[in-house]
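Colleague: I have a model open and would like to go through it with you. Could you take me through the fold, the surface and the ring contacts?

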Amino acid sequence: MNSSESAAHAELTTFLVYGSIVMILIMGGFIWWLNYSYKKRNKKHQKPHLELVSPSSKLHGQRRHKRHKK
């Protein structure tokens with residue numbers, strides 16, 4: 001292998017290594033975006049949570065008093 005072939009081989013190897021790294025980063029970003037959008041879309045369609053606190057144990061400001069119902 002002469003020096004010009006060696007330089008061409010090194011250039012090709014560098015190109016392939018950097019190209020592979022770039023493709024891995026792009027695919028990772030795409031997979032992250034798919035996961036993020038899937039979670040965001042499913043969060044909109046979830047059923048509302050049931051209130052687990054009984055009405056009598058709510059905070060004072062959240063209760064309706066008889067005098068306020070007028």
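Modeller: We can start with the fold and then turn to the side chains.

Modeller: One caution before that: this is a predicted model, in which local features need pLDDT of at least 70 and side-chain atom pairs count only at pLDDT 80 or more, while totals for chains, interfaces and linings use all residues. Residues are numbered from 1 along each chain as its sequence is written, and side-chain values use heavy atoms, with hydrogens and water left out.

Colleague: Fine. How many helices and strands does the protein chain have?

Modeller: The protein chain has one helix and zero strands, where helices (H or I, at least four residues) and strands (E, at least two) are DSSP runs numbered from the N terminus.

Colleague: And how much of the chain is buried?

Modeller: Buried residues make up 1% of the 70 residues in the protein chain; buried means under 20% relative accessible area, exposed over 50%, and partly exposed in between, with a 1.4 Å probe and protein chains only. The accessible surface of the chain comes to about 7,400 Å², and 64% of that belongs to carbon and sulfur atoms, with areas taken from the Shrake-Rupley method with a 1.4 Å probe, where for residues only the protein chains shown count as cover.

Colleague: Which residues make the nonpolar surface patch?

Modeller: The patch, of about 1,100 Å², is made by Val22, Met23, Ile26, Met27, Phe30, Ile31, Trp32, Trp33, Leu34 and Tyr36. Patch residues have over 30% relative accessible area and no salt bridge, and like charges are joined within 9 Å, nonpolar side chains (Val, Leu, Ile, Met, Phe, Trp, Tyr) within 5 Å; a salt bridge is a side-chain nitrogen of Lys or Arg within 4 Å of a carboxyl oxygen of Asp or Glu. Met23, for one, lies in helix α1 (residues 3-44) and is partly exposed at 47%.

Colleague: Now the rings: how many aromatic pairs are there?

Modeller: The structure holds two aromatic pairs, meaning rings of Phe, Tyr and Trp (its six-membered ring) with centres within 6.5 Å, where planes under 30 degrees apart count as stacked, over 60 as edge-to-face and the rest as tilted.

Colleague: Why is the Phe30 and Trp33 pair called stacked?

Modeller: Their ring centres are 6.2 Å apart and their planes are at 25°, so the pair counts as stacked. Phe30 and Trp33 are three residues apart in helix α1, and therefore separated by about one helical turn.

Colleague: And the other pair?

Modeller: Trp32 and Tyr36 are also stacked, at 5.3 Å centre to centre with 10° between the planes. Trp32 counts as exposed at 55% relative accessibility, whereas Tyr36 is partly exposed at 42%.
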